[in-house]
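Please read these points with the sequence and the model open side by side. They follow one stretch of chain and then turn to a few side chains elsewhere.

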Amino acid sequence: MRYLVIGAGAVGGAIGGRLAEAGHEVVLVARGAQYTALRDHGLRLRTPDGDRTHPLLTVDGPAALGELRPDDVLLLAVKTQDTEAALATWGPAPVAGGGTAAERLPLVCAQNGVESARLALRRFRRVYGVCVWLPSTFVEPGVVSAAGTPLTGMLHLGRHPHGTDETAHRIAADLEKSRFEAPVVPDVQRWQYAKLLGNLGNALEALSGPVDGEEAEALYARVRAEGERVLDAAGIAYASAEEQRRVRGDKITLVPPAGAPRGGGSSWQSLTRGTGTIEADHLNGEIVLLGRLHGVPTPLNELLQRLANTFAREHRPAGSMPVAELVRRADEAERADMGEEAGEGAARADAR
C-alpha cells in the first residue's frame with residue numbers, strides 16, 4: 001500500500017518518516033512553508049536514534065498525483081479544525097479504474113479528539129479512527145522530532161464507529177514494522193475518548209505553560225473530572241487511566257533528540273507557530289457540546305475553550321497567562337455557574 005500523509009506536520013511527519021524508513025511508499029501532503037521545505041530538502045526526522053533526511057515525494061493536493069491508486073491509504077493528520085477543507089479536497093479525487101477516493105479508499109484519521117472521523121464518515125465510506133499516542137514536535141519547516149523510544153508511539157486503530165477488518169490489520173502490520181505499536185481494536189472510540197480526557201489539559205498548557213506545578217495539576221484534575229462527569233452522563237465508555245498505563249507500560253520513554261528539545265503539546269505548538277487557530281473547539285469544546293446535550297454544567301472547559309481561541313485569534317504568546325490568574329478565572333466561572341443553577345432552580349419552583 002502507498003500512504004498519502006495529508007498534513008505532514010508533527011504527527012504526520014513522524015508517522016510518514018518512520019513508514020518510509022521501513023521501506024513503505026510514502027507521499028507527503030503539505031502547504032505553505034512546510035510544503036516548500038519538504039519538496040526542496042526532504043523530511044528531516046529527528047529521533048533518539050539519530051537524524052535522517054527522507055527525500056519523499058511531496059505534493060500540495062491530489063491534482064499533482066493525477067489519478068490515485070486503488071492501493072492508496074489516505075492518512076489524515078491535519079488539526080481537526082482543518083479537516084473539512086482536507087476532506088473536501090481529497091474526497092472527489094479520482095481513482096484509477098473508476099470512482100473517487102471517498103468511494104474507494106480507506107481514510108485513517110490520526111488526530112486528536114473524536115470529531116474528524118464523524119466528519120469523514122459523511123463523505124468517505126471507509127473511515128478508520130486512531131488513538132494517537134505519539135510525542136512529536138514540529139521544529140521548523142521540513143524538520144520534525146519524535147522523542148519516543150524504543151517505540152516511537154502507540155496507535156490504537158479500528159474502523160469508525162466500531163469494528164475491525166483486513167485493511168485495519170494490514171495498516172497495523174505496516175506501522176508495527178515502522179517502530180510503532182498498533183493494536184487493532186473493535187472499540188477505538190473508547191481509547192480516543194480516554195485520550196480526549198488527557199487532551200483537556202492542552203489548552204491549560206497553551207495558556208499557562210507546563211502542567212507540572214501544584215496549582216496547574218489541581219486545575220487540570222478539576223477540568224478532567226468535569227469531562228468524566230459529562231462522558232458518564234452521556235453513557236460514553238473510555239479506557240481508564242490504569243488500563244492505559246498497563247497497556248503502554250514502559251514501551252515509550254521520552255528522550256528528546258539533541259538540539260530538538262520536546263516542546264509543548266499540539267495546542268502549545270499552534271500558539272508558538274502563530275497559526276491563528278487552535279483545536280480547543282474539538283477538545284474542550286467536545287465536552288462542552290456533550291454537557292449541553294446531556295444537561296451537565298461545563299464551566300471549566302467552556303473557559304479554557306474560550307481563552308484558547310482568544311489567544312490563537314489574537315496571536316498571544318503561549319504560556320503567557322500566569323496559572324494563578326487562570327485558577328482565579330476558573331473559580332469565578334464555577335461560582336457563576338452555580339449562581340445560574342440556583343437562579344434557574346428558584347424560577348422552576350416559582351413556576352410550580
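1. Arginine 2 belongs to strand S1 (residues 2-6); helices (H or I, at least four residues) and strands (E, at least two) are DSSP runs, numbered from the N terminus. This is a predicted model, in which local features need pLDDT of at least 70 and side-chain atom pairs count only at pLDDT 80 or more, while totals for chains, interfaces and linings use all residues. Residues are numbered from 1 along each chain as its sequence is written, and side-chain values use heavy atoms, with hydrogens and water left out.

2. Is arginine 2 buried or exposed? Arginine 2 has a relative accessible area of 7%, so it is buried (under 20% relative accessible area; exposed is over 50% and partly exposed is in between, with a 1.4 Å probe and protein chains only). Its side chain makes a polar contact with the side chain of aspartate 72, at 2.7 Å. Such a contact is a pair of N or O atoms within 3.5 Å; within protein, one must be able to donate a hydrogen and the other to accept it, and residues adjacent in sequence count only if both atoms are side-chain atoms.

3. In S1, five of its five residues are buried. Arg2, Leu4 and Ile6 point one way, and Tyr3 and Val5 the other way. In general, side chains in a regular strand alternate between the two faces of the sheet.

4. S1 and strand S2 (residues 25-29) run parallel and are joined by five bridges; two strands pair if DSSP finds at least two bridges between them. Valine 5 stands opposite leucine 28 in S2.

5. Helix H1 (residues 10-21) has twelve residues and reaches 16 Å from its first C-alpha to its last, close to the 16 Å expected at 1.5 Å a residue. The expected span is 1.5 Å times one less than the number of residues. Ten of the twelve residues in H1 are buried, among them Ile15, Arg18 and Leu19. Glycine 23 follows H1 and has a positive phi, near 95 degrees.

6. Tryptophan 268 lies in helix H11 (residues 266-273). Why is tryptophan 268 called partly exposed? Its relative accessible area is 22%.

7. Two arginines sit over rings. The charged end of arginine 273 is 3.8 Å from the ring centre of phenylalanine 138, and arginine 159 lies over the face of tyrosine 128, at 5.1 Å from the ring centre. The criterion is NZ of Lys or CZ of Arg within 6 Å of the ring centre and within 35 degrees of the ring normal.
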